[in-house]
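Here's a quick briefing to read alongside the model. Keep the structure open and look up each spot as you go.

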Amino acid sequence: MKTVVISLLGTTLDHRGFNSKRWERWRPTLSLCQHEDLVVDRLELLFQRDFQNIAGQLSQDIKTVSPETEVHHHMINLADPWDFESVYAELLDFARSYPFDIEHEQYLLHITTGTHVAQICLYLLTEARYLPGRLIQTSPPHRQETAVGHYQIIDLDLSKYDLIASRFSREHQEGTHYLKGGIETRNPAFNRMIEQVEKVAIRSREPILLTGPSGSGKSLLAKRIYQLKKKRGQLPGNLVEVNCATLRGDNAMSALFGHVKGAFTGAATARKGLLAEADNGLLFLDEIGELGLDEQAMLLRAIEDKRFMPMGSDKETSSRFQLIAGTNRNLFQQVEQGRFREDLLARINLWSYELPSLKQRLEDLEANIDYELEKYSQKANTLIGFNKQARDRYLRFAKSPEAIWNSNFRDLNASITRMATLSDGGRITPETVEDEIRRLRHDWRQSGGRHEASAIESLLDRPVDLFDRLQLAGVIRICQDSQTAAEAGRKLFNVSRLNKASANDSHRVIQFLGKFGLDFKAVKQWHERDGSINH
């Protein structure tokens, strides 16, 4: 296989004058043809028309030191060798027109000569495989060495470099570990999600949408994404957080976009606004579904153009922020109801991740209990733990159907905090656990009706009568515990079905759910989103 080198003419380093002293100095392109262990069969020399004399002299010198090297001249037009766009375009035209023969020739792209802009363009074209070869870099000799110097071949296929590849893998693992708060989670779906979130956090500045029930960890994940990007030097600005449910009317516009003095009654002084405060940083808008339509429209323009108009101002301001949005609502349903802008949803839904509830991650329960205990121990400056009997009892209850975990990880945090606070001698006893279980049962009973109503209305995205809600809640509970609509029908119509000649159990269930715009599959896939129907 022949070796072909593509090189830009170095008008200074490759020249060194036309007298005999040029042989005493290192010349990078000439040196390529002087190495005993590198035979250059052909040199493709790129240069501008004004430097034909230098190119001709270099070609003659190469013929002297390496008669087997064939030199081909290519004149290129670089009006401004420091203009990235024009240099890249000219080199791309060369690459597209060159008759590469990768089956019989190997190509080396020389990146020592030419302007820094040209060298970068050669690198990019090689990385993109417009130039199908490897990079070669030459360097001058050390003292007391001949004028030949040294060379290094660089293959951009990083898979061949085990050390580099393992380092990338290690950094990725460290990033995902950080996003999980150091918790050794075992839920496969959650782990896969976090692995992708880590890649997106490092490689993208596009909006991220975090969905999932209240207390599933959206705010915490947003903070960790910011901290990870901050550690990697990607976000010099601040993390700015706001719960959109607290923003109403003029206060919403003012809080987000700022205002000038006198913009409205009570605006005694100017206000910068949260978007401006998040410049070069990260803006986390929790419960974004609570924003009004006017605020949504202005937010969309701020995301796309990085510009917006403060209230009362006739001048635009700019802010280059990254957005993370959080919601426990179904924004697609909100769009259908006219409560959320479809264009805004399309813009923030590029990277969308649904955080599972605690009930969906019971295999991670023990690790999260240990995490909460460690967090409390650090805050209280004392070591706290369960004795074995107490831990076993708490875990049995926590994983049982009786444990509702309405507020997900917030409930768990509060529960561990209470038991740790009441523990004597740093040990949580069975008695403390039993007291806590009684408290959780009581709290969940008290919130059951309110939570059920909220869950049903969230599922339907509209209020319903108490009579309908009670019936629907019971049917949904049975459907969620059944594998098929027929199985649910046999449970629901266990008496009346016996009096029918031909019982079509699944049809009766489907018909009932259809009255509310639901179907069996949708109920099965709901999985506590926007609340759940609890046992």
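Predicted model: local features only at pLDDT ≥ 70, side-chain atom pairs only at ≥ 80, totals over all residues.

Residues are numbered from 1 along each chain as its sequence is written, and side-chain values use heavy atoms, with hydrogens and water left out. Helices (H or I, at least four residues) and strands (E, at least two) are DSSP runs, numbered from the N terminus.

**Salt bridges**

- Side chains of opposite charge can pair when their charged atoms come close.
- You'll find 23 salt bridges in the structure (a salt bridge is a side-chain nitrogen of Lys or Arg within 4 Å of a carboxyl oxygen of Asp or Glu).
- Take R27 and D61, whose closest N and O atoms are 2.8 Å apart in a salt bridge. R27 sits in the loop between β1 (2-8) and α1 (28-32) while D61 belongs to helix α2 (residues 52-65), so this pair ties together parts 34 residues apart in sequence.
- R27 is buried at 2% relative accessibility, and D61 is buried too, at 3% (buried means under 20% relative accessible area, exposed over 50%, partly exposed in between, with a 1.4 Å probe and protein chains only).
- D392 and K388 also form a salt bridge, with 3.0 Å between the closest N and O atoms. Both lie in helix α14 (residues 388-398), four residues apart, which is about one turn of the helix.
- In that pair, D392 is partly exposed at 30%, whereas K388 is exposed at 66%.
- R393 and E434 meet in a salt bridge of 2.7 Å, N to O. R393 is in helix α14 and E434 in helix α16 (residues 430-460), so the pair ties together parts 41 residues apart in sequence.
- Salt bridges also link R301, D305, R307 and E316 in a network.

**Aromatic rings**

- The count comes to 10 aromatic pairs (rings of Phe, Tyr and Trp, using its six-membered ring, pair if their centres lie within 6.5 Å; planes under 30 degrees apart count as stacked, over 60 as edge-to-face and the rest as tilted).
- F94 and Y98 make a tilted pair, 5.5 Å centre to centre with 45° between the planes, and both are buried.
- F94 and Y98 belong to one aromatic cluster with F100 and Y107.
- Charges sit over rings as well: K231 lies over the face of Y178, 4.4 Å from the ring centre (the rule asks for NZ of Lys or CZ of Arg within 6 Å of the ring centre and within 35 degrees of the ring normal).
- The charged end of R361 sits over the ring of F190, 3.6 Å from its centre.

**Helix α2**

- D61 turns up again here: the buried residues of α2 are I54, A55, Q57, L58, S59, D61 and I62.
- These buried residues pack against α1, β2 (42-47) and β3 (70-75) (contact means heavy atoms within 4.5 Å).

**Strand β9**

- In β9 (residues 282-286), five of five residues are buried.
- L282, F284 and D286 point one way from β9, and L283 and L285 the other way.
- β9 pairs in the parallel sense with strand β8 (residues 239-243) over five bridges (two strands pair if DSSP finds at least two bridges between them), and N243 stands opposite D286.
- Four bridges join β9 to strand β12 (residues 322-327), also running parallel, and F284 has I324 as its bridge partner there.
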